[in-house]
Amino acid sequence: MAHALTLLLESPVLVAVILITGIGGTFQYGFHISVLTSPSVYIKQLMNATCVQRYGHYLEAWELSLIWSFTVSMYCIGGLLGCLVAGRLAAVYGSHLEGLLYNIGSSPSCTSQASDWISQEWFQSRKSEDHQITADSLRRKRCLVLNNVLAICGAVLMLLSKTAHSFEMIMAARFLYGINAGVALTVHTMYVLECAPRRLRGMVGVSVAGFVSLGKFSGQVLGLSEVMGTEDRWPFLLAFSGFIGFLQLVTLPFLPESPRFLLLDRGDRPGCEKALRVLLGAGGDLSSEMEEMQEHAALQGVKSHSVLELLLSRSVRWQLFTIIVTFTTLQLCGINAVYLYSFDVFRAAGIPVHNLRYVALGTGLCEISITVTCGMVIESTGKRVLLIWGYLGMAATLLILTLTLYLQEYVSWMPYCSTVLIFIFIFFFSSGPAGVTAPLPGEIFAQSYKAAAFVVACTLNWVGLFFVGMVFPFIVEYLEYFCFLIFFFFCFVSGVFVWYGMPETRNRSIMEISAEFERRHNKTKPAPENKPDTLYLTHSQTGQATKL
């Protein structure tokens with residue numbers, strides 16, 4: 001842990017990348033999940049006042065609930081649209097597998113000498129007249145810069161909504177915020193992982209979840225009546241994302257572009273080396289990072305695959321299953337149900353109603369602190385262990401919590417046990433799934449599949465968030481605290497799946513991870529013989545193959 005932290009502090013530009021991309025990235029996603037709770041009363045009053053002013057009609061309870069639900073869900077709809085376009089925006093438009101295709105003979109690896117030779121030939125061909133890179137393609141950093149314009153536009157609509165007596169402007173702003181968060185959730189994660197060296201990839205990946213937790217906590221703090229959660233200041237509260245977007249807009253251009261994107265997607269080796277020197281600093285191991293990316297290029301080629309190609313590819317089938325299971329469970333693990341029932345549990349434990357919001361801040365602070373701790377230990381424990389630990393711990397906690405909620409009507413001290421279990425559940429969630437899941441597609445998929453993998457993962461996340469928001473209230477109404485048994489099922493199944501189906505990714509290259517997936521799920525295939533690799537280089541236009 002100390003060694004990884006020392007390496008991180010020796011790279012100040014990488015620290016700046018984490019902070020600047022985080023505040024305008026997944027921070028926005030977490031902020032808008034929690035910020036709407038505090039001003040909800042004032043927004044509903046605006047909806048009623050607007051309808052009375054326009055139509056002379058006072059909204060009934062079901063009408064107000066319908067409009068409010070639609071306002072909340074606009075964020076998820078925008079987020080889903082944002083993540084669907086993010087993969088295409090972050091990838092290269094003009095890379096159509098021009099240049100040279102690499103075919104490995106008897107083994108999925110090649111010697112370092114052959115890899116160097118291939119890389120040099122490929123980079124020369126990519127720079128030739130016949131293989132020019134499209135200049136109109138959007139880079140990772142440029143995509144994040146332009147994405148902040150949406151946050152600023154949404155903030156302007158929020159500021160003017162109360163003055164204009166228009167709740168439709170709030171809906172439109174929520175939609176823009178959703179697109180902004182959908183793009184940021186995908187591209188921010190891709191960008192920071194591609195900037196991080198292999199030894200720090202786990203710690204940097206956890207920062208993605210850390211900024212989600214920080215965003216949710218910030219929404220809770222700023223929503224207090226002592227801060228911005230008042231009738232006069234709530235438009236400024238909801239427009240706070242515009243300030244964050246502007247802050248990233250003016251600072252992000254000073255950061256380097258993703259080295260892996262420059263090398264593997266654009267074929268810009270000098271630009272990649274320059275970006276690596278800036279990111280790693282004077283003491284960084286530039287040669288090892290370049291060697292890993294060159295071998296990756298030799299293995300995978302240069303084409304960025306579409307979502308459909310990812311879904312149909314058998315070579316990454318188990319990686320895809322891993323993403324589907326982990327990202328589905330991230331929303332269906334019961335964390336939203338635990339937060340919802342926490343107020344009832346705290347109230348039953350004797351906490352005054354007017355102090356419940358401050359106790360809720362304790363749950364948010366607990367999530368942040370545990371996520372930061374997860375980032376400190378992930379390089380020594382590994383991601384697979386943390387996922388198994390988190391899922392199975394959450395499953396056990398949900399079972400016991402169901403029992404204590406049932407017994408608290410009969411045993412006077414049982415609410416205190418439920419209170420402790422709520423914090424234990426948050427501990428398991430933050431130390432495992434919350435910190436490890438978000439960067440997972442960038443670690444188990446090759447560069448050519450990475451953008452499509454993030455689109456699939458983030459789509460599952462947004463659909464799950466929308467499903468929980470729309471269906472969960474009805475589940476709670478009919479099942480009450482027994483709804484935790486549904487979430488227990490998802491947590492337990494996911495824990496078992498990760499135990500048997502997912503390899504450890506710590507300090508491993510993508511080729512080693514892919515080989516481990518193959519070994520785990522294709523045990524019947526005979527192991528390849530240890531003989532010299534046969535490497536063929538095929539030109540995509542002439543079709544001529546050269547044996548190396």
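Student: In the protein, what share of the contacts with a separation of 6 or more comes from residues 24 or more positions apart?
Tutor: The model is predicted, so local features need pLDDT of at least 70 and side-chain atom pairs pLDDT 80 or more, while totals for chains, interfaces and linings use all residues. Residues are numbered from 1 along each chain as its sequence is written, and side-chain values use heavy atoms, with hydrogens and water left out. A contact means heavy atoms within 4.5 Å. Among contacts with a separation of 6 or more, the share from residues 24 or more positions apart is 82%.

Student: How much of the protein counts as buried?
Tutor: Buried means under 20% relative accessible area, exposed over 50%, and partly exposed in between, with a 1.4 Å probe and protein chains only. Of the 548 residues, the buried part is 55%.

Student: How are helix 8 and helix 9 oriented, roughly parallel or roughly antiparallel?
Tutor: Axes are lines fitted to C-alpha atoms, for helices over the stretch in contact, and angles run from 0 to 180 degrees between N-to-C directions. The axes of helix 8 and helix 9 (residues 201-222) come within 9 Å and cross at roughly 160 degrees. Angles under 35 degrees count as roughly parallel, over 145 as roughly antiparallel, 65 to 115 as roughly perpendicular and the rest as oblique. The crossing angle therefore makes helix 8 and helix 9 roughly antiparallel.

Student: Which residues of helix 9 meet helix 8?
Tutor: On the helix 8 side, the residues are His188, Thr189, Val192 and Leu193. Their partners in helix 9 are Arg201, Val204, Gly205 and Val208.

Student: How are helix 7 and helix 11 oriented, roughly parallel or roughly antiparallel?
Tutor: Helix 7 (residues 140-161) packs with helix 11 (residues 240-251) at about 155 degrees, the axes being 8 Å apart. Helix 7 and helix 11 are therefore roughly antiparallel.

Terms used:
Helix = DSSP H or I, 4+ residues; strand = E, 2+ residues; numbered from the N terminus.
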